[in-house]
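Hi everyone, thanks for coming. Please have a look at the model on the screen, and then I'll walk you through it.

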Amino acid sequence: MASTSTSSSSSTATAPPPPAAAWNFSAGPGALPRPVLLRAQAELLDFAGTGHSLMELSHRSPPFEDVLARAERDLRALLRVPDTGYQVLFMQGGATAQFSAVAYNLLGGGDAGEPPIVDYVVTGAWSQKAAEEARRLGARVHRVVDTKASGHTGAVPPTAEWAFSGPSARYVFYCENETIHGVEFGGDATATAFPFESVPPGVPVVCDMSSSILSRPVDVSRFGVIFAGAQKNMGPAGVTVVIVRDDLVRDATRRWAALPCPLVLDYKVFADAHSMYNTPPTWSIYLCGLVFDWLRNDVGGLEAMAELNLRKSGAVYNAIDSSNGFYRCPVLPAMRSRMNVPFRIYRGDAPSKELEVEFVKAAEARGMSQLAGHRSVGGMRASLYNAVPLEAAQALVAFMKEFAASHQS
């Protein structure tokens with residue numbers, strides 16, 4: 001049996017490779033690293049010598065308090081979150097709950113007769129839903145950018161055309177990677193990076209990083225709030241990580257009197273309680289901690305992870321672009337996601353649902369699962385999260401080429 005120590009990654013270092021042809025391209029919940037699953041399996045019935053599963057231990061017990069502390073420590077190390085100035089919270093409700101939490105916590109500066117204004121950059125389904133929730137809660141939502149008219153294909157206008165509402169905005173919100181549409185802002189110092197320098201001074205930037213967090217290095221100091229549901233790049237569903245700047249937690253003037261905040265969404269309540277205001281999702285946090293450890297000690301950090309992610313997505317996009325139009329990605333090349341690759345299969349000048357159904361069935365027969373696109377857009381979608389190995393992307397590319405060759409005249 002593997003070691004039950006929570007501080008060592010030795011039990012993950014010699015994990016055997018996954019079975020041949022068992023590749024998971026799910027958009028979420030997504031693949032988990034096999035070494036993490038094996039370690040969790042080994043520790044399932046007797047965690048750290050307690051004689052009990054972690055799922056049976058009190059969240060106030062020393063073993064779980066150690067799990068929580070290590071998870072926060074390793075996440076801070078991976079993202080280089082400063083030891084002071086930012087809170088790291090483990091909350092519940094998924095990123096969707098954070099669409100509400102952001103508004104509840106940051107909509108200060110208005111009165112009952114004058115709702116505060118907030119800026120939203122809408123590039124896909126999830127930023128659209130976030131903007132709608134802020135509007136539902138009473139904010140005056142100003143859309144700095146909205147690519148809905150183009151079908152959310154990454155047709156983001158030049159920064160000079162972005163219409164920020166000015167320093168009166170309570171925050172600027174964007175989604176770094178749109179999981180459904182496959183649109184992603186680039187990393188720091190790239191041409192498609194989010195234009196932080198254009199945000200009015202003093203207005204905090206809020207980012208939904210649910211499907212891109214830990215896929216590359218991030219300059220946390222640029223953000224007021226980062227949040228991410230765990231079930232794509234961090235762990236299983238059930239826990240949401242929130243990284244929030246101290247002044248946005250402590251400053252009571254950020255609150256809007258007309259919108260009292262529910263306690264389970266209150267950043268200050270969770271910060272003061274060290275993420276244990278109520279019973280936290282202990283198993284989900286534990287698995288996130290194992291993923292953080294895997295990223296630090298097995299992968300070699302976020303720089304190494306970023307390089308691997310570019311190789312995976314690059315291989316799949318190359319297969320699409322070199323298929324003579326048989327496969328087509330609807331997203332403009334500059335804004336294509338590294339995490340979620342949507343594509344359609346064409347017969348002549350139109351997408352063929354018949355071919356796409358056949359593709360999914362044939363891929364499943366080869367052990368490549370969950371490649372169907374989101375129900376709202378159809379087509380195909382290959383999700384290439386951190387835990388999806390390069391070999392999976394290579395197997396998909398080989399299958400795509402074979403499928404195309406057998407169906408092109």
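This is a predicted model: local features need pLDDT of at least 70, side-chain atom pairs count only at pLDDT 80 or more; totals for chains, interfaces and linings use all residues.

Residues are numbered from 1 along each chain as its sequence is written, and side-chain values use heavy atoms, with hydrogens and water left out.

So, the protein chain has 11 helices and 15 strands; these are DSSP runs, H or I of at least four residues for helices and E of at least two for strands, numbered from the N terminus. Its C-alpha atoms fill a box of roughly 65 × 60 × 35 Å along the principal axes. Of the 409 residues, 55% count as buried, meaning under 20% relative accessible area with a 1.4 Å probe, protein chains only.

Now for our pair. At what angle do α3 and α8 pack? Helix α3, residues 62-79, meets helix α8, residues 282-299, at about 40°, and their axes are 9 Å apart. Those axes are lines fitted to C-alpha atoms over the stretch in contact, with angles running from 0 to 180 degrees between N-to-C directions. The two helices are therefore oblique to each other, the class left once angles under 35 degrees (roughly parallel), over 145 (roughly antiparallel) and 65 to 115 (roughly perpendicular) are taken out.

Who touches whom? Contact means heavy atoms within 4.5 Å. Among the residues involved are Phe64, Val67 and Leu68 of α3, and Ile285, Tyr286 and Gly289 of α8. Thanks, everyone!

Notes. Buried means under 20% relative accessible area, exposed over 50%, partly exposed in between (1.4 Å probe, protein chains only).
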